[in-house]
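Work through the exercises below with the sequence and the model side by side. Each task is followed by a solution in steps.

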Amino acid sequence: MIKNINGRNRIFYLDEVRALAIILVILCHIIREFCQIRPSESLGWLSVGVFIQLGVMGVPLFLMISGSLLLNREYDLPDFLKRRFTRILIPFIFWALLLPIYKIIVNNDPTPYLTLFLDRQYWFIYMLIGVYLFLPIINSFIREYKMKGVEYFLILWLITITLNTFGLYPFHALELSYFAGYVGFIVLGYYLTNKEFKLSDKHMIWLGLILFIVFTLINLHFTLTHYKIGIFDDGALKYYHYETLVVTLQATGVFLMIEYYAKYCSKHKGTFRNKAYSFFKDTFMSKIIYSLSVCSYGMYLVHYFVVYGIRWVSNNMFPIYTAKPVIMPLVWIIVVFFSWLIIYVLSKIPYLKEVSGAH
């Protein structure tokens, strides 16, 4: 499952998950543009809103990959923090300085600079910084207690997000906040990657598929009925809730499908499944997946520029976001492509590679 690309050993299925995660995150933000200019409960509003049930998995998948790669490792604490935060902060500061200027240009509004570095678009970065600060602590815990410690943490985390899902948290005076939050996705990613399940690879693929379908349909039901544990509340569009049991099991299903399909194919050469998988792993598709994976962080930082650019076009030239939702996949592809292209080009230019976020 380890593929050597450009002299670097890569776990290919993790590159697949990361590439999928960034296009899902971008999908969420494109959908939000389409939703916000439509009347609540209109057919157009609902037709694009349902796709958020796919896009909402992007953030959990990103974090699960980090857990797969960073937990149960032996590293020097200062060196770990330096490497992690250098990779995160240098590109973030660069693009966060440019975004308010860009928004002033396209929106003719000077107010964005008053909220420099506080723009809600980059909430993910601040969350990631907090998670990485805590990661050495959870890493030491896992190195000490192994898989039993992981299972202990995950049980309490799942209890916490279940209470949160149904609006029952905090539960009287029971203090579970230490087990709440996004760090659970980090631990879950490590668990899914390293746990030796008793089921066969084929059965794990089916389990992942069932989890994905069932909980996507459940999330879709809550979306269409505006129930509070979905993404809608009192008929108004809210930001998506990542820390719910439904989204967790959706993302778990996708992660298991991709992971165990890769494992199954590596053990069954010559089968139809292996030949189908080889199309992604051994052809030009692998280069596309690898490039999307490497550029994913930079794409997250820069895709807002493309989204705002399209918003300007929609407001001044052609009504893109007020058009029929059938145009949404095309807009999605355009944003993904130009976000990737900007980061890919910058990653090839000396000095600018450091701010590209590509790694």
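This is a predicted model: local features need pLDDT of at least 70, side-chain atom pairs count only at pLDDT 80 or more; totals for chains, interfaces and linings use all residues.

Residues are numbered from 1 along each chain as its sequence is written, and side-chain values use heavy atoms, with hydrogens and water left out.

**Exercise 1. The chain as a whole**

Task: State how many helices and strands the chain has, what share of its residues is buried, and how many disulfides are counted.

Solution. Step one is the secondary structure: the chain has 13 helices and four strands. Helices (H or I, at least four residues) and strands (E, at least two) are DSSP runs, numbered from the N terminus.

Step two is burial. Buried means under 20% relative accessible area, exposed over 50%, and partly exposed in between, with a 1.4 Å probe and protein chains only. On this scale 52% of the 359 residues count as buried.

Step three concerns contacts, defined as heavy atoms within 4.5 Å. Of the contacts in the chain with a separation of 6 or more, 78% are between residues 24 or more positions apart.

Step four is the cysteines. A disulfide is a pair of cysteine sulfur atoms within 2.5 Å, and by this rule the count is zero. Cys 28 is buried at 2% relative accessibility, and Cys 295 is buried with a relative accessible area of 2%.

**Exercise 2. Helix 6 against helix 7**

Task: Describe how the axes of helix 6 and helix 7 cross and which residues make the contact.

Solution. Axes are lines fitted to C-alpha atoms, for helices over the stretch in contact, and angles run from 0 to 180 degrees between N-to-C directions. The axes of helix 6 (residues 123-165) and helix 7 (residues 183-194) come within 9 Å and cross at roughly 55°. Helix 6 is therefore oblique to helix 7. In this scheme, angles under 35 degrees are roughly parallel, over 145 roughly antiparallel, 65 to 115 roughly perpendicular, and the rest oblique.

The crossing of helix 6 with helix 7 is right-handed; a crossing has this hand if the near helix is turned clockwise from the far one by less than a right angle, and is left-handed if anticlockwise.

Helix 6 contributes residues including Ile 138, Val 150, Glu 151, Phe 153 and Leu 154, and helix 7 contributes residues including Val 187, Tyr 190 and Tyr 191. By class, the contact residues are 17 nonpolar, two polar and one charged. Here Ala, Val, Leu, Ile, Met, Phe, Trp, Tyr, Cys and Pro count as nonpolar, Asp, Glu, Lys and Arg as charged, and the others, Gly among them, as polar.

**Exercise 3. Helix 5 against helix 6**

Task: Find how the axes of helix 5 and helix 6 are oriented and the classes of the residues in the contact.

Solution. The two axes come within 10 Å and cross at roughly 175°, so helix 5 is roughly antiparallel to helix 6. Among the residues in contact are Phe 80, Arg 84 and Phe 92 of helix 5 and Tyr 126, Tyr 132 and Pro 136 of helix 6. The contact residues of this pair divide into 15 nonpolar, no polar and one charged.

**Exercise 4. Residues around helix 7**

Solution. Val 187 lies in helix 7 and is buried at 1% relative accessibility. Ser 68 lies in helix 4 (residues 58-70) and is buried, with a relative accessible area of 4%.

Glu 151 and Lys 195 are 44 residues apart in sequence and 9.9 Å apart, C-alpha to C-alpha.

**Exercise 5. Positive phi**

Task: Say where Asn 72 and Tyr 351 are placed, and give the phi of Asn 72 and of Tyr 351.

Solution. Asn 72 is in the loop between helix 4 and helix 5 (77-107), has a positive phi near 60°, and is partly exposed at 25% relative accessible area. Tyr 351 is in the loop between helix 12 (328-347) and helix 13 (353-356), has a positive phi of about 75°, and is exposed at 76%.
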